[in-house]
Amino acid sequence: MDIVGNINYIKSTLPAGVKLIAVSKTKPVEDIRQAFEGGQRVFGENKVQELAGKYEALPKEIEWHFIGHLQTNKVKMIVPFVSLIHSVDSLKLLQVIDREAEKCRRERVDCLLQFHIAEEETKFGLDEGEAEQLLSDASYASLKHVRITGVMGIATNTEDTGQRKKEFHHLKEIFLRLKQTYFSGADEFKEISMGMSEDYKEAIEEGSTMVRIGSSIFGERIYK
Ligand SMILES: *Cc1c(COP(=O)(O)O)cnc(C)c1O
(Lines give C-alpha, C1' and ligand atoms only; values in the text may rest on other atoms or scores of the structure.)
Protein backbone atom coordinates (compact mmCIF):
# COMPACT_ATOMS: atom_id res chain seq x y z
CA MET A 1 0.00 0.00 0.00
CA ASP A 2 1.69 3.19 -1.19
CA ILE A 3 -0.09 5.83 0.86
CA VAL A 4 1.77 8.80 -0.58
CA GLY A 5 1.29 7.52 -4.13
CA ASN A 6 -2.44 7.19 -3.51
CA ILE A 7 -2.67 10.72 -2.15
CA ASN A 8 -0.73 12.16 -5.05
CA TYR A 9 -2.89 10.32 -7.54
CA ILE A 10 -6.15 11.49 -5.94
CA LYS A 11 -4.87 15.05 -5.71
CA SER A 12 -4.01 15.01 -9.40
CA THR A 13 -7.69 14.32 -10.13
CA LEU A 14 -9.10 17.10 -7.91
CA PRO A 15 -9.95 20.47 -9.43
CA ALA A 16 -8.27 23.53 -7.90
CA GLY A 17 -10.16 24.62 -4.81
CA VAL A 18 -11.23 21.14 -3.71
CA LYS A 19 -9.56 20.18 -0.45
CA LEU A 20 -8.57 16.60 0.35
CA ILE A 21 -9.35 15.37 3.86
CA ALA A 22 -7.40 12.14 4.40
CA VAL A 23 -9.69 10.00 6.56
CA SER A 24 -7.37 8.04 8.84
CA LYS A 25 -9.91 6.46 11.23
CA THR A 26 -8.89 2.99 12.49
CA LYS A 27 -5.47 3.41 10.86
CA PRO A 28 -2.23 3.48 12.88
CA VAL A 29 -0.20 6.58 13.63
CA GLU A 30 2.60 5.30 11.35
CA ASP A 31 0.28 5.47 8.34
CA ILE A 32 -0.61 9.06 9.14
CA ARG A 33 3.03 9.92 9.63
CA GLN A 34 3.84 8.53 6.18
CA ALA A 35 1.13 10.67 4.62
CA PHE A 36 2.34 13.68 6.60
CA GLU A 37 5.91 13.19 5.42
CA GLY A 38 4.60 13.01 1.87
CA GLY A 39 3.06 16.46 2.36
CA GLN A 40 -0.55 15.78 3.45
CA ARG A 41 -1.63 18.12 6.24
CA VAL A 42 -5.37 17.60 6.69
CA PHE A 43 -6.74 14.45 8.34
CA GLY A 44 -10.23 13.36 9.37
CA GLU A 45 -11.25 11.15 12.29
CA ASN A 46 -14.66 10.05 13.54
CA LYS A 47 -14.00 8.96 17.14
CA VAL A 48 -13.15 11.45 19.86
CA GLN A 49 -10.78 9.25 21.88
CA GLU A 50 -8.94 8.07 18.81
CA LEU A 51 -8.56 11.61 17.51
CA ALA A 52 -7.28 12.91 20.87
CA GLY A 53 -4.68 10.13 21.03
CA LYS A 54 -3.47 10.73 17.49
CA TYR A 55 -3.29 14.47 18.10
CA GLU A 56 -0.96 13.84 21.06
CA ALA A 57 1.24 11.44 19.11
CA LEU A 58 1.65 13.34 15.85
CA PRO A 59 3.14 16.65 14.61
CA LYS A 60 1.21 19.73 15.66
CA GLU A 61 1.18 21.12 12.10
CA ILE A 62 -1.58 18.66 11.28
CA GLU A 63 -5.01 20.15 10.68
CA TRP A 64 -7.50 17.76 12.32
CA HIS A 65 -11.10 17.53 11.14
CA PHE A 66 -13.76 15.72 13.13
CA ILE A 67 -16.21 13.95 10.81
CA GLY A 68 -18.18 11.56 13.06
CA HIS A 69 -21.21 11.81 15.28
CA LEU A 70 -20.25 14.03 18.22
CA GLN A 71 -21.72 13.59 21.70
CA THR A 72 -21.94 16.74 23.79
CA ASN A 73 -20.10 15.16 26.74
CA LYS A 74 -17.04 14.53 24.56
CA VAL A 75 -16.78 17.94 22.92
CA LYS A 76 -14.24 19.21 25.43
CA MET A 77 -11.72 16.55 24.39
CA ILE A 78 -11.30 17.94 20.88
CA VAL A 79 -12.23 21.63 21.06
CA PRO A 80 -8.76 22.79 22.17
CA PHE A 81 -7.16 21.72 18.88
CA VAL A 82 -9.71 20.68 16.23
CA SER A 83 -9.70 22.74 13.00
CA LEU A 84 -13.14 21.89 11.68
CA ILE A 85 -16.10 19.91 13.01
CA HIS A 86 -18.06 18.58 10.01
CA SER A 87 -20.90 17.02 11.95
CA VAL A 88 -22.93 19.63 13.82
CA ASP A 89 -26.54 18.51 13.87
CA SER A 90 -28.15 20.42 16.76
CA LEU A 91 -28.23 23.79 18.47
CA LYS A 92 -27.38 22.04 21.73
CA LEU A 93 -24.15 20.74 20.24
CA LEU A 94 -23.20 24.17 18.90
CA GLN A 95 -23.85 25.67 22.33
CA VAL A 96 -21.58 23.14 24.00
CA ILE A 97 -18.81 23.71 21.42
CA ASP A 98 -19.16 27.46 22.03
CA ARG A 99 -18.91 27.06 25.80
CA GLU A 100 -15.90 24.74 25.64
CA ALA A 101 -14.15 27.02 23.15
CA GLU A 102 -14.58 29.93 25.53
CA LYS A 103 -13.26 27.85 28.45
CA CYS A 104 -10.06 26.99 26.64
CA ARG A 105 -9.78 30.52 25.26
CA ARG A 106 -10.18 29.62 21.63
CA GLU A 107 -11.45 32.59 19.73
CA ARG A 108 -13.67 30.35 17.64
CA VAL A 109 -14.15 26.86 16.30
CA ASP A 110 -15.26 26.38 12.70
CA CYS A 111 -18.18 23.99 12.12
CA LEU A 112 -20.26 22.60 9.27
CA LEU A 113 -23.94 21.76 9.55
CA GLN A 114 -24.49 18.11 8.68
CA PHE A 115 -27.53 17.33 6.54
CA HIS A 116 -29.31 14.06 6.12
CA ILE A 117 -29.35 13.62 2.34
CA ALA A 118 -29.30 9.81 2.04
CA GLU A 119 -32.15 7.36 1.83
CA GLU A 120 -30.80 5.32 4.71
CA GLU A 121 -32.40 6.24 8.02
CA THR A 122 -29.30 5.34 9.97
CA LYS A 123 -27.32 8.38 8.91
CA PHE A 124 -27.25 11.47 11.09
CA GLY A 125 -28.01 15.01 10.08
CA LEU A 126 -30.49 17.86 9.94
CA ASP A 127 -33.22 18.45 7.42
CA GLU A 128 -33.65 21.90 5.95
CA GLY A 129 -36.46 22.90 8.31
CA GLU A 130 -34.41 21.97 11.36
CA ALA A 131 -31.47 23.96 10.07
CA GLU A 132 -33.66 27.01 9.53
CA GLN A 133 -34.98 26.71 13.05
CA LEU A 134 -31.46 26.48 14.42
CA LEU A 135 -30.21 29.46 12.41
CA SER A 136 -33.11 31.70 13.36
CA ASP A 137 -32.94 30.87 17.07
CA ALA A 138 -31.98 33.86 19.23
CA SER A 139 -29.57 31.74 21.21
CA TYR A 140 -27.70 30.81 18.03
CA ALA A 141 -27.19 34.48 17.32
CA SER A 142 -25.60 34.93 20.75
CA LEU A 143 -22.84 32.34 20.21
CA LYS A 144 -19.44 34.01 19.88
CA HIS A 145 -16.96 31.17 19.67
CA VAL A 146 -18.38 29.08 16.86
CA ARG A 147 -18.55 29.91 13.21
CA ILE A 148 -20.51 27.97 10.61
CA THR A 149 -18.48 27.75 7.42
CA GLY A 150 -20.67 25.45 5.34
CA VAL A 151 -22.51 22.15 5.07
CA MET A 152 -21.71 18.43 5.03
CA GLY A 153 -23.54 15.35 3.82
CA ILE A 154 -23.14 11.62 3.21
CA ALA A 155 -24.84 10.08 0.18
CA THR A 156 -26.62 6.73 0.14
CA ASN A 157 -24.26 3.78 -0.14
CA THR A 158 -25.49 2.63 -3.55
CA GLU A 159 -24.13 1.62 -6.95
CA ASP A 160 -26.67 3.96 -8.51
CA THR A 161 -24.55 6.96 -9.51
CA GLY A 162 -27.65 8.86 -10.60
CA GLN A 163 -29.07 8.56 -7.09
CA ARG A 164 -25.80 9.74 -5.54
CA LYS A 165 -25.61 12.72 -7.87
CA LYS A 166 -29.18 13.64 -7.00
CA GLU A 167 -28.35 13.64 -3.30
CA PHE A 168 -25.21 15.73 -3.76
CA HIS A 169 -27.18 18.13 -5.92
CA HIS A 170 -29.73 18.43 -3.12
CA LEU A 171 -26.99 19.36 -0.64
CA LYS A 172 -25.68 22.02 -3.01
CA GLU A 173 -29.18 23.49 -3.25
CA ILE A 174 -29.51 23.56 0.53
CA PHE A 175 -26.14 25.31 0.71
CA LEU A 176 -27.22 27.96 -1.80
CA ARG A 177 -30.52 28.65 -0.03
CA LEU A 178 -28.87 28.96 3.38
CA LYS A 179 -26.20 31.20 1.89
CA GLN A 180 -28.83 33.50 0.47
CA THR A 181 -31.00 33.64 3.59
CA TYR A 182 -28.60 33.45 6.53
CA PHE A 183 -25.05 33.98 5.29
CA SER A 184 -25.30 36.44 2.41
CA GLY A 185 -22.59 38.72 3.79
CA ALA A 186 -20.49 35.95 5.25
CA ASP A 187 -17.57 35.08 2.97
CA GLU A 188 -16.53 32.26 5.28
CA PHE A 189 -19.72 30.32 4.52
CA LYS A 190 -18.33 28.54 1.46
CA GLU A 191 -17.69 24.88 2.17
CA ILE A 192 -19.61 21.87 0.87
CA SER A 193 -18.10 18.74 2.40
CA MET A 194 -19.25 15.81 0.29
CA GLY A 195 -17.72 12.82 -1.44
CA MET A 196 -15.87 9.71 -0.17
CA SER A 197 -13.73 7.06 -1.88
CA GLU A 198 -16.60 5.56 -3.88
CA ASP A 199 -18.45 8.71 -4.84
CA TYR A 200 -16.14 11.72 -4.77
CA LYS A 201 -16.15 12.17 -8.53
CA GLU A 202 -19.92 12.74 -8.56
CA ALA A 203 -19.63 14.96 -5.50
CA ILE A 204 -17.13 17.17 -7.31
CA GLU A 205 -19.38 17.39 -10.36
CA GLU A 206 -22.09 18.67 -8.02
CA GLY A 207 -19.91 21.31 -6.39
CA SER A 208 -18.01 19.71 -3.50
CA THR A 209 -15.26 21.84 -1.96
CA MET A 210 -13.98 19.15 0.45
CA VAL A 211 -13.72 15.42 -0.19
CA ARG A 212 -13.28 13.01 2.73
CA ILE A 213 -11.31 10.03 1.46
CA GLY A 214 -10.17 7.07 3.55
CA SER A 215 -9.94 3.61 2.01
CA SER A 216 -8.62 4.79 -1.38
CA ILE A 217 -5.65 6.25 0.49
CA PHE A 218 -5.01 3.91 3.42
CA GLY A 219 -6.64 0.69 2.19
CA GLU A 220 -9.73 -1.11 3.42
CA ARG A 221 -10.52 -0.71 7.10
CA ILE A 222 -10.67 -3.77 9.32
CA TYR A 223 -13.11 -3.40 12.20
CA LYS A 224 -12.52 -5.71 15.13
C1 LIG B 1 -15.19 6.84 6.95
C2 LIG B 1 -15.72 8.13 6.45
C3 LIG B 1 -15.29 8.66 5.23
C4 LIG B 1 -14.28 7.98 4.32
O5 LIG B 1 -14.80 6.81 3.77
P6 LIG B 1 -14.04 5.99 2.59
O7 LIG B 1 -15.13 5.27 1.91
O8 LIG B 1 -13.08 5.09 3.28
O9 LIG B 1 -13.36 6.98 1.73
C10 LIG B 1 -15.82 9.87 4.83
N11 LIG B 1 -16.73 10.53 5.58
C12 LIG B 1 -17.17 10.06 6.76
C13 LIG B 1 -18.16 10.83 7.52
C14 LIG B 1 -16.69 8.83 7.23
O15 LIG B 1 -17.14 8.37 8.40
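The structure is a predicted model. Its largest nonpolar core has 64 residues, and the members that touch the most others in this core are Ile 85, Ile 97 and Phe 115.

**Nonpolar cores**

- Ile 97, when residues up to four places away in sequence are not counted, touches Leu 70, Val 75, Val 79, Ile 85, Val 88, Val 109, Cys 111 and Val 146.
- Another core, of six residues, lies apart from the largest one, and among its members are Ile 21, Val 42, Leu 112 and Met 210.

**Helices H1 and H2**

- Two packed helices are described by the angle between their axes and the distance between those axes.
- For helix H1 (residues 3–13) and H2, the angle is about 50 degrees and the axes are 8 Å apart, which makes H1 oblique to H2.
- The crossing in which H1 passes H2 is right-handed.
- On the H1 side the contact involves Ile 3, Val 4 and Ile 7, and these meet Asp 31, Gln 34 and Ala 35 in H2.
- Sorted by class, the residues in this contact of H1 with H2 are four nonpolar, one polar and one charged.

**Tyr 200**

- Tyr 200 is found in helix H9, which covers residues 200–205.
- Tyr 200 counts as buried because its relative accessibility is 5%, and buried means under 20%.
- Leaving aside neighbours within four places in sequence, Tyr 200 is in contact with Ile 10, Thr 13, Leu 14, Gly 195, Val 211 and Ile 213.
- Lys 165 is 35 residues from Tyr 200 along the chain, and the C-alpha atoms of these two residues are separated by 10 Å.

**Positive phi angles**

- Most residues other than glycine have a negative phi.
- Thr 26 has a positive phi, near 70 degrees, although this residue is not a glycine, and its place is in the loop between strand S1 (19–23) and helix H2 (29–37).
- The relative accessible area of Thr 26 is 34%, so this residue is partly exposed.
- Arg 105, also not a glycine, has a positive phi of about 60 degrees, and its place is in the loop between H5 and strand S5 (109–115).
- Arg 105 counts as exposed because its relative accessibility is 77%, and exposed means over 50%.

Terms used
Residues are numbered from 1 along each chain as its sequence is written. This is a predicted model: local features need pLDDT of at least 70, side-chain atom pairs count only at pLDDT 80 or more; totals for chains, interfaces and linings use all residues. Side-chain values use heavy atoms; hydrogens and water are left out. A nonpolar core is a set of buried Ala, Val, Leu, Ile, Met, Phe, Trp, Tyr and Cys residues joined through side-chain atoms within 4.5 Å. Buried means under 20% relative accessible area, exposed over 50%, partly exposed in between (1.4 Å probe, protein chains only). Contact means heavy atoms within 4.5 Å. Helices (H or I, at least four residues) and strands (E, at least two) are DSSP runs, numbered from the N terminus. Axes are lines fitted to C-alpha atoms, for helices over the stretch in contact, and angles run from 0 to 180 degrees between N-to-C directions. Angles under 35 degrees count as roughly parallel, over 145 as roughly antiparallel, 65 to 115 as roughly perpendicular and the rest as oblique. A crossing is left-handed if the near helix is turned anticlockwise from the far one by less than a right angle, and right-handed if clockwise. Ala, Val, Leu, Ile, Met, Phe, Trp, Tyr, Cys and Pro count as nonpolar, Asp, Glu, Lys and Arg as charged, and the others, Gly among them, as polar.
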